[in-house]
Amino acid sequence: MVAQNVVFGVLAAAMAVSAIGIVRTKNIMHAALFLVVVQAGGAGQFILLGAEFVAWVQVLVYIGAVIVLFLFGIMLTRDPMTAEESLDNDLKWPGAAAALLLAGLLATVLIDAFEKEEIELVAPTYTRAITNSIFRSYIIPFEIVGLLLLAALIGAVVLARRD
Amino acid sequence: MRLPTRRSPAVQPVLHGATWWTNGGFDLRVGVQIDGLAVMMMFVVTTISLLVHVYSTEYMRDDRRYTHYFAALNLFTASMLLLVVADNTLQLLVGWELVGLCSFLLIGHWWEEKPNGDAALKAFFTTRTGDIGLLTGVIMTFFVVERATGQGSFDIMAVNEAALSGKVGHTLLMMTALALLLAIIGKSGQFPLHTWLPDAMAGPTPVSALIHAATMVVAGVYLGARLYPVFYEGLNIGGGGINAMAAIGGTTVIIGAALAFVQDDIKKVLAYSTISQLGYMVMGLGVGAWTAATFHLFTHAFFKANLFLGSGSVAHSGSHHSFDMKKSMGGLKKYMPQTYWTFVIGTLALTGFPMLAGFFSKDEILATAGESDYQFFKYVGLAGAVMTAAYMVRCIYLTFFGEYRGGQPDVHGDDAHAVEHGHDGPHESPRLITGPLWVLSGFSILAGYLNAPAFGIEKFKEWFEPRVAFPETLIHPEFKMADAATAVVVVLIGYALAYAYYWPKVLPQNLSERNGLARAGKTFLVNKYYLDHLYTNVVVGGIKGPVARAAYWVNQNVIDGVLNGVGRGARVAGKFTYAVIDQKGVDGAINGIAVGTGEIGDATRKLQTGRLQFYALMLFICVGLFGLALWLGH
Amino acid sequence: MPNPVFDWHALAPDLILAGTILVVLISDLVLPERDAWQTSRIASLGVLLALVPIVTLAVDGTNREMFGGAYVVDNYALALKAFFLVVAYLTILISVDYIGEGDYYQSEFYFLLLTSVLGMSAMTSARDLITIFVALETISIPTYVLATFRKHDRRSSEAGIKYYLMGVLSSAVMLYGMSLVFGVTGATRLPDVTAYVSANGTSSLMVVAIFMTLVGFAFKVSAVPFHFWAPDTYEGAPTPVTAFLSVASKAGGFVAILNLVFFGFYAQGTGADAWWPALWVMAVLSMTLGNLSALKQTNIVRMLAYSSVAQGGFLLVPFAAAGIAGARGDLGVADSAFSAVVVYLLVYGAMNLGAFAVVIAVARRTESGEISSYAGLFKTSPTLAVMMTGFMASLAGIPFLGGWYAKFVMFRSVLEAGTTWAVVLAVVAALNTVIAFFYYAGVIRAMWFEEPAGDDRTPITVPPALAAAIGLTSAAIVVVGVYPQLVARVGELATRITS
Amino acid sequence: MDWFDSWGLTLVVFLPVVGMALVLLTPRDDERSLKGIALATTLATLGVAVGVLAKFDYDATSKLQFEVNKSWIEVINSNYHVAVDGISLPLLALSAFISVLCVVYSWNHWPEPHNPEGLPRVDSPARDGDERHVRRAGPDPLLHLLRDRPAPDVLHDRRLGGPNREYASIKFFLFTLFGSALMLLGFLALYFKVDVDPSMAGMQHSFDIVALAAAGGSGLVHGTQLLIFGGLFLGFAIKVPMFPFHTWLPDAHTEAPTVGSVLLAAILLKLGTYGFVRIALPILPEAAKSWAWFIGLLSVIGIIYGALGCLAQTDMKRLIAFSSVAHMGFVMLGISTMTDFGINAAIFGMVAHGLITGMLFFVAGSIQHNLHTREFSRLGGLLLQAPRMGWILGFCAMASLGLPGLAGFWGEFPAIMSAFSPANGLSEVTFRTYMVIAAVGTVLAAGYLLWMLQRVAFGTVKDEFKDADIHDVSTTEWIAWTPILVLIVVLGVYPNLLFKITDGAVVQMTDAMTKVIGG
Amino acid sequence: MLLNQFLLLGAFLFCAGVYGVITRRNAVLVLMSVELMLAAVNINLVAFSAYRAGDVVGQVFALFVLTIAAAEVGVGLAIVLLIYRNIRSSDLDDVDVLKG
């Protein structure tokens, strides 16, 4: 348990730092890299929680695809000729206030609700269980998500296409 | 001396009625109640109306609205009769208002000139103020009956019976009586609502004679007589001492008479005289002299109509349509002998010259006041008599004696024939005018003999006093020579004072004679001093000078000022209400809401900044705040 | 875990719709460029076809549950499926010429549109957090694209990004809330959530979780203060898309709230306290701010956007009423609230779509969205003016046009609740009804009593499809207004809360 | 039951709607046809109304006659339920009567562009159809709320009128709509909260006025009754209009065309008071009892306030409009006493005010038509230029100030009288105070009306109009006005014509209320 | 392991995302911040899944979230791209034509 807690601590620290990095860094590229760290850390946490399948999907989807998308996005929308301006707007303090308000609220209710509840780790979830669940109980959303992805794809293409 | 009222079963009121309206499941009736009082009034109204009609055919000849004039005059007569024969208070109120309307129309007959319109408005408005009392009083009569019998009614007999039944609370009766008294004050020109009556002289003179002397203005007195039990019980008239009705009447007697002194307009003299005489009537009712008061009403109608028509005759043929005694009259005696003599008869009757109508009626009021516990008002009456005699003599002097002061026709706008024969000098009026004058003079002489206790005649009481639903303890004083003599002396003093003052050529003559006869300078000086003092200081300096002028000033500026002020004040209040409260306050609030609505709209629009991340901020802040509130509220 | 049982009959409408979506997509590949407009026919045909099984299911009348109650086809779902299909059909009608004449990707437009409708159709049956989430996203994501569909117009792009970002953020909040709901109850299926809440009540965490979950849909229905995107997006997006967003997408959000609230968090009133205050506040804010802002608009689309915010507020009223009453143990109100929402949605759909159809028709001539451009419409195009008057009047709730009945059932629900809070809500709603009169009447006034601006006084030509859409919607509001029995029946059929 | 019994009322209601449709279909510039259709429609309506009057059973005025009760919207148990009884019959007749005269009047006052006196005929029949709809005793408040759409009024005002018409319409709009909205809430609350006798209404919940009145608020706690009454009160009070909800009225009148003003005064204002009599009082007697002192207070404030407002006016129409506030104060005072006396008076007052104030507006309109001004400072000497019109103005002023013998008196006097002895449970002291204030109000009424008369009719003609081409009362005006003038006199002289009709129904109603609030 | 350590981590990530969304001018960075928020959701879901003794529903939910988040990012980036093309900027502060 100690080991797990240590791992959690390390991952969590990395994620937290990276998260702050994403929202505070002055370099867009760095932000993308911080995002990688957060997502990878998330995958690590999933493993820690016995959700290996989700962890790998996370790695594949995020680190494999989404981050690439972001990088493309950054490159396509940045005019290399213009100098880097400040990446933040003037809503820093209100933004911070909102974030702190939410954080305080969430932390309070969570601590209030779960106090010292322990996670009793049983065996890691079998992927089969997940597929069973998806294809038995959640077949309809699954099918719809299929269409949705198609729609998102086509939509993105329609928008991004130069014509 | 108290005499029980004699009950004669013979004279019962004649009642006829039909359903007028239905409310609350029962019928309210309209109908006639013809009894002695009504008959007396009908006689007065129809007689004088007839004479005035005849008179007007000449007086109003070639008037620009001849037809309107007679239409209104007839409507008035009809309304007055409606009032008189009403068998219920509500119907009486209808007639009451209608005569007010006719008065309005006739006062304002020459409405092209603003003062005439103003006078008409003032008359209507002032009497209408009194009508607050009538309105509420009539309403309360309904409930007076309801208290007594369980079923409300406006029926006059029922009201009177209820008032006498003892089943009705005194407070209600008193309130009813006071409310109705207010109506009397308004209609019958009692203090302090009397100021409209002199102004009402703006109307044609025959109208003044008919409406503002003989009939309409006595409607208040008639109301008092009609519902006498209500007043009798409500004001506790039987109790003696003083009561509101007597006090109002007494005040009016003095006030009216005092004001008559300082008028230069002959019609205004008569108008104030009317006020004063109406005061006698109201006072009479107030002191329990029902018969005397109604009798005075009766006689006054004739001699006052006579005087008014006489003044009209003077204006018509003698003074180029001016009523100003000091500027346009004087010395008319020789030009208009018939007018002069009828005027003198009227004056004598009015002032209570022995054996003329006013003598009998006025004396009876004073006698009753003396018999009952209202001694004070007897002296008030006597004081009034002195003043009446004095101002009437003054009036006659200024009009018919001295030099003729009429110059060019004064364009009073009275009527069109001014141009026609106004350039003639003063002359006697045609027969259509003098005829009615003589008829009325006849009445002025004879009317008094209907009720002359001195001669044992009490026909008036026999014929006209109600037999049912009437207070049983009313006083009918016997004739007392002492009282009569007092009254006569008082009147004569009045004559003498005025005579002495207004015949200045006579006075020095008188004095020189005394000089020559007595040769006693001291006595002469004393006498002269005495007389001078008396004439100059008491009469001139006292009555005519400060007192009367002050009274007049008070009248014009305070009382009338209050009335006009009420009118003006209402307009000012109206303007204030409208401009400040309504437009700024009430409407402003409404508009404020409208504007505020728009402003909030603007504010919400400003929230819609177009900045995406501001929206996001709002979203999260709202999530946070909502969440916080929910968590706290849970 | 048993193999799932597929009730093909129950799934038929969704399947036909899905099939149509694919056919539309494929037809684009097959059809030559100049025949691209044909896809609209295919799409509309498919939509109408999908109505067929709905009719048969309705005739059959049994409730069909699948996946342990996670996906339900009952009368309520059928009624709303039919509604969404009809709305889709009408949207296609009003889009045909707009899309055909502009330089748009036609088949993709219909493809995305139908995908979104599929999401709505799924939403009506969804009784499971995951399905609801997926359905919501299926509704949303295609519409993000559609809002941006006028690609070379920066306003359209702006509309898209605002809609998109606010949508995504709300989704994130909603998902966070759902994760907490799942964490607390251990369930995603609404019947299980209900069971949990009935047994355990709502903890403070649950209250926050429920609220965050609802935020996602509050965004969708553009309830104040989650409405900021709506006016900007409505104004910038292509008008048919705006019509679709203001009707279908909004209705989708309400269906989700209906499902979540009445099948999940209501729990025989035990959970009502957790959510009614939030919905109450949102209802009040939406009505009031929506109306007040609408007062000040000069652009008709923007005005309709705020009007739709306000209408959303009216639609939230029955929820709050049911919650207020439910928390006091009065379960009867839930029924009337539920049917009130359904009825209101049906009526609102017709009148708002109609209004937008007229806006599109008028904009074809004036190329302006300013209310002033409606001046003298009665003189140039009397029919259009009369129709628009009808729609405005109906939105305002003037009787014998459908809107009054919607308002009526709304008020009924809140008055049945009858507590102070309900009465206050009713009064606010009543006052707002009045404010709303103003801006609707403003349009009417411009049309009837002002002089046309330009010299061109020839009637506006309305293409047949658009005319059909206007005709159908106006017929609907008249019929409903005169004979509200019709929708009332639907509303009753759809009710099954307390049973 | 022959066909007229079952169709008469429906005809009265819908004939004007047919007329409206025809008018809409007629080309705008075809003036003759427009006039013809409007006249034919209103005459036909009047004909049917006369038929109703003729067939009405005057021995059973408390009974609902010509009753039609057909299921309409089952789901909310709303019926098409119309009928007349003694309370509604006079107002039905008034509506049909006035609208014909309005059409006749506008025969020669056709709206030209920028001529604000004309009749916006298109709206007229529809409007009065609407009004009449409610007027029938017809007992379904839902009908009321359904037809309660001030929009036509607004449009009506906006179309032809004075320069501030926009402001006026918005104010009118805002007012009546806020009122209506709250009233609507009240109706709905009644529907859901009052338990009616299912044998009467078919269901436990109903909008049926008869059934609701029979229930008399049973099933409602007092607080709820008060609230609901408050909603109804606002709705009706704004229509009346009572102080302080009156500010829309002068604006609306000033800006409306003549016939609009006449219809507004003669018909529309009666909606509010009729609502009190027909709906608010019988259905919620207990709440009415609690509210009565307040309604009475607002009424007498309105009487005085309206009069003061009149005195400050410089515009003739505005003065007449303000006088409506005062007059309706008397009506409301009668209603607030909750006695048969007061309510009878109120109904009489409604009819009388409709006739008299309508007539005053007619005259004001004709004056404006001749002189193009209504400013007192410019008017004067009307009696010289147009003596007949001047005397008619005087006559109306007298009628309006409540001169006995003319119709106005019978609305005021019994109302004031009823305040002396209000219904059981109401404070006598309070209401007697009101009585006195109201009596003072009659004096003020005399004040402002005579003042108006003096300014307009008396005096001499102002220089600017010395040579103006003034027409005295024209033939069409005679045709339009004579019936009103005659009625004012006839009702004034023999008020039982009206009291006989209303009394039975009113007594029945007050008896029912007394049962609830205790005798 | 405490359940709350995961949940609080999630909450932290979520709020960091909130901050980023509000304050970042660059649209792509905003999208990244959104991803942070979604990551927080997933951590919650998986943690609850574990807390509920391996209830796979949480994990399934997380998978759906993952998938759809990806789709969203795709569309989002396309829109950002379009905006960049239209106004030559990916600065959200420049997107403020529509307002009021």
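Here are some questions and answers about this predicted model. Residues are numbered from 1 along each chain as its sequence is written, while chains are lettered from A and ligands numbered from 1 in the order in which they are written. Local features need pLDDT of at least 70 and side-chain atom pairs count only at pLDDT 80 or more, but totals for chains, interfaces and linings use all residues.

Reader: Which helix of chain A gives the most residues to the side that touches chain C?

Author: Call two residues in contact if their C-beta atoms, placed from the backbone, lie within 7 Å; then 22 residues of chain A are in contact with 31 residues of chain C. Helices and strands here are DSSP runs numbered from the N terminus (helices are H or I, at least four residues; strands are E, at least two). On chain A, helix H4 (92–114), helix H5 (127–137) and helix H6 (139–160) each supply at least two residues of that side. The one giving the most, with 13 residues, is H6(A).

Reader: How many residues on that side of chain A are nonpolar?

Author: For the sorting, Ala, Val, Leu, Ile, Met, Phe, Trp, Tyr, Cys and Pro count as nonpolar, Asp, Glu, Lys and Arg as charged, and the others, Gly among them, as polar. The side of chain A that touches chain C has 3 polar and 2 charged residues, and its nonpolar ones number 17.

Reader: And where chain E meets chain A, which helix of chain E gives the most?

Author: That contact takes 63 residues from chain E and 76 residues from chain A. Helix H1 (3–23), helix H2 (27–51) and helix H3 (56–87) of chain E each supply at least two residues of the chain E side, which divides into 45 nonpolar, 13 polar and 5 charged. With 22 residues, the biggest giver is H3(E).

Reader: Where does helix H10 of chain C bend?

Author: Helix H10 (residues 239–265) of chain C has 27 residues and reaches 36 Å from its first C-alpha to its last, close to the 39 Å expected at 1.5 Å a residue; the expected span is 1.5 Å times one less than the number of residues. A bend is the angle between axes fitted to the seven residues ending at a residue and the seven starting there. For H10(C) that angle is about 35°, at Leu245(C).

Reader: How many residues of H10(C) are buried?

Author: Buried means 20 or more other C-beta atoms within 10 Å of a residue's own, exposed means 12 or fewer, and partly exposed is in between, with C-beta atoms placed from the backbone. H10(C) is largely enclosed by the rest of the structure, because its buried residues come to 27 of the 27.

Reader: Is Ser222(C) buried or exposed?

Author: Ser222(C) lies in the loop between H8 and H9 of chain C and has a positive phi of about 45° although it is not a glycine. That loop also holds Pro225(C), joined to Val224(C) by a cis peptide bond with omega about 10°. With 30 other C-beta atoms within 10 Å, Ser222(C) is buried.

Reader: What about Glu115(A), buried or exposed?

Author: Glu115(A) is not a glycine, yet has a positive phi of about 30°. Glu115(A) is found in the loop between H4 and H5 of chain A. Since 10 other C-beta atoms lie within 10 Å, Glu115(A) is exposed.

Reader: In chain B, which helix gives the largest share to the side of domain 1 that touches domain 2?

Author: An automatic or database domain assignment supplies the bounds, and chain B is divided into domain 1 (21–235), domain 2 (243–413 + 423–518) and domain 3 (531–623). The C-alpha centres of domain 1 and domain 2 of chain B lie 24 Å apart, and 49 residues of domain 1 are in contact with 49 residues of domain 2. The largest share of the domain 1 side, 11 residues, comes from H1(B).
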